[in-house]
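Student: Please take me through one part of this model slowly. I would like to see how it is built and what it touches.

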Amino acid sequence: MKHRIRLALLATLVTGTAVAQDVTFSSNSFVQAWSPKTPGFSQNTAFPVTEYVGVDVAKLDGKDALSLHVYGWGMADLGEQTYIGGKNTGDLTYGYVQYDFKQANAQVRAGRFTVNQGLGPAPLDGFEARTDLVHGFMVSAFAGTPVVFKNYSSNDQNQVGYQQDFMFGGRLGWRAAKVGELGVSFLQDGLHPAQSLAVPAPVDYTRKQIAGDLKLVPVSFLDVTGRTVLDVSQNQIVAPNTSPSRIAEHDYKATAKLNEALALTATYVERNFFAYYAGTTLPNLFKQNEQGLFKATGASLVWTAVPGLQLVGDVRRTDRASYGTSTRAGVDGRYNLTDKHVLVGAGYHRINAGAAQSVNPLFPSYSLSHSEMRAWVMADRGPYTGSLDVIRLQYTDADNNPNLNGQSSETAVVASLGYKAKENLRVSGDLSAESNALYKNQVMALLRVQYQFGLAVKGGK
Amino acid sequence: MLKKFALLSVALGLGLMVACSWVSPKGSFAPTHPQALENGRPTCSDCHGTDRVTGSDKTFASFNHTEAFVANHKFAANQDPATCAACHAQSFCADCHGGKTALLPSVKLGNRPDRVSPHRTGYLTLHRIDGKIDPTGCFECHGRANNEKCTACHK
């Protein structure tokens, strides 16, 4: 973020806080300690201290319209370096001024924020505006400089910043009662594609996408939601004698509420690697030239047996050209004993997967099949809180899978105890222990201090 | 020059008036939920029945925080951010969707096993399997941002 934008945000924060009637400040401090045991890496104790700070200033105009929102973090490694970016680092996650109109859900915001159009959330330094229109239509638009993160595997970091110089887009939607909502959106990230440069660059970090989205809720017991995203860039570098699909993604789900206690959901996902991975900043991992196709179909049945008790059975079949088919099936449950202030959950899933190729001639392939088990509980008594989370993974082919170092199972336990010293001050400590194929019995301690003042009514529970 | 400026001003004024006449006269969605909710995932239809959300025309039931809703909440975030904002501050999203962050969501929320987090303890090994079965699941968060840790091995 440019220096002057930071200064503008700081000035707005200071003056806004002075005149505002509603200020919420939150601080989340974390102190961790553990000894890495990864073979080949340093065994020194890691001791990172991380601080997340958020400030929400509402009613800057004396009414409930103009507000300011800032959130960021900083960390310092007091022991071994744990973060790739350095021993002392930080980031401004978002910082924007927002104006909410009382009419038409109209909203304007400017600063650093995240847009949710295209594939995945994208942080942006710029502005965004939206409003509802007559006859059920709505329109939104955004523009600004995309936030470019450093990619240390790339030798041409400057090239990423040069190509991803500007991002803009928008969405036109239409909604109606007993129909739902339909929308079409556009996103362009970067104005200088690799092939359009005087000296063409080897990797294109730009993207241009058009998406259609829908949410159909004709009756209260049926909900069909989804989107299709198309890669419409003419600048992607296509391998000779290939014509990859331009459909980046189909992602749809349909939920039918069968009765008060049962709901059935079906899902369908299709992703074409060439179009889906367009513009990645990690091309060596997300390989466009693989030209693979990924498909997944699934179903889940949610049963609310009694109030507070929810059981979910689900199955998902995935197909990937290079690794074949896999099926994930299992059950999850959670029970909220509100009167006893206890929340419990458990789950079991079995994944029957295809074989992966190995470079070892003695074991040319290995199975990816495994089982996942988890049980957890949360409870509070007066000012005290506690939680316990146990995870167990059981692998089918530990003997042949080179990533498992012969370990057929892993167990991880996270225990936490907390104390609410005041309404706005909580202190908690976590102790996690895990035995896995890489660390081999690692214990990590974490101290968490959460402080908040102001008239917060949001924040998520 | 003055004539051009006057003509431009008239054109802009007329354009603004036409644009304003297109704006919906309806009131905006409530900025905050009027009542505090109990802990745990809310089932909106428990209280709102078959009603439809003001300013959204969708049923409250379609916002019930079921497993399927949580797994596919990106659709709601795209179409109805104001509905999310009635209960969730932006920092709630940033717990997991910070473009760059020091702590894994599962570490940050280690005392909240009820919150969904894809990188619970033990995931470092499992991601080598998940990545082969479905690498597109990784791309949504790590494809264009928050991938500095990936590059430690995936150079």
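Tutor: Chain B has nine helices and zero strands. Helices here are DSSP runs of H or I with at least four residues, strands are runs of E with at least two, and both are numbered from the N terminus. The order along the sequence is therefore α-α-α-α-α-α-α-α-α. The radius of gyration of chain B is 22 Å, well over the 15 Å that the globule rule gives for 155 residues, so chain B is more spread out than a compact globule. That radius is taken over C-alpha atoms, and the rule is 2.2 Å times the number of residues to the power 0.38.

A word on the source. This is a predicted model, in which local features need pLDDT of at least 70, side-chain atom pairs count only at pLDDT 80 or more, and totals for chains, interfaces and linings use all residues. Residues are numbered from 1 along each chain as its sequence is written, while chains are lettered from A and ligands numbered from 1 in the order in which they are written.

Back to chain B. Its C-alpha trace spans about 70 × 50 × 25 Å along the principal axes. Of the 155 residues in chain B, 37% are buried. Buried means 20 or more other C-beta atoms within 10 Å of the residue's own; exposed means 12 or fewer, and partly exposed lies in between, with C-beta atoms placed from the backbone. Now take the contacts in chain B with a separation of 6 or more: 39% of them link residues 24 or more positions apart. A contact means that two C-beta atoms, placed from the backbone, lie within 7 Å.

Chain B is divided into domain 1 (40-88) and domain 2 (98-155). These bounds come from an automatic or database domain assignment. The centres of the two domains of chain B, taken over C-alpha atoms, are 26 Å apart.

Next, look at the partner chain. 80 residues of chain B are in contact with 111 residues of chain A. Five helices of chain B each supply at least two residues to the side that touches chain A: α3 (67-71), α4 (73-79), α6, α8 (123-133) and α9 (136-142). The largest share comes from α8(B), with seven residues. By class, this side of chain B has 29 nonpolar, 33 polar and 18 charged residues. Ala, Val, Leu, Ile, Met, Phe, Trp, Tyr, Cys and Pro count as nonpolar, Asp, Glu, Lys and Arg as charged, and the others, Gly among them, as polar.

One helix of chain B also joins a core. The largest nonpolar core has 22 residues, and those with the most contacts inside it are A:Val57, A:Leu68, A:Tyr94 and A:Leu124. Elements giving two or more residues to this core are β2 (48-58), β3 (66-77), β4 (88-100), β5 (107-115) and β6 (122-132) of chain A, together with α6 (90-97) of chain B. Another core, of 18 residues, lies apart from it; A:Ala356, A:Leu368, A:Tyr395 and A:Val414 are among its members. A nonpolar core is a set of buried Ala, Val, Leu, Ile, Met, Phe, Trp, Tyr and Cys residues joined through C-beta atoms within 7 Å. In soluble globular proteins, nonpolar side chains tend to be buried together.

For contrast, follow some strands of chain A. β12 (residues 247-257) and β13 (residues 262-272) of chain A run antiparallel and are joined by nine bridges. Strands pair if DSSP finds at least two bridges between them. A hairpin of four residues joins β12(A) to β13(A). A:Lys253 stands opposite A:Thr267 in β13(A). A:Thr267 also has a bridge partner in β14(A), namely A:Gly298. β13(A) pairs antiparallel with β14 (residues 293-306) of chain A over 11 bridges. β14(A) in turn runs antiparallel to β15 (residues 309-320) of chain A, with 12 bridges. In their hairpin, which has two residues between the strands, A:Gly308 takes a positive phi near 95 degrees. β15(A) pairs antiparallel with β16 (residues 324-337) of chain A, again over 12 bridges. Three residues lie between β15(A) and β16(A) in their hairpin.

Finish at one residue of chain A. A:Asn272 lies in strand β13. A:Asn272 is buried, with 23 other C-beta atoms within 10 Å. Beyond its neighbours within four places in sequence, A:Asn272 is in contact with A:Pro244, A:Ser245, A:Ile247, A:Ala248 and A:Leu293.
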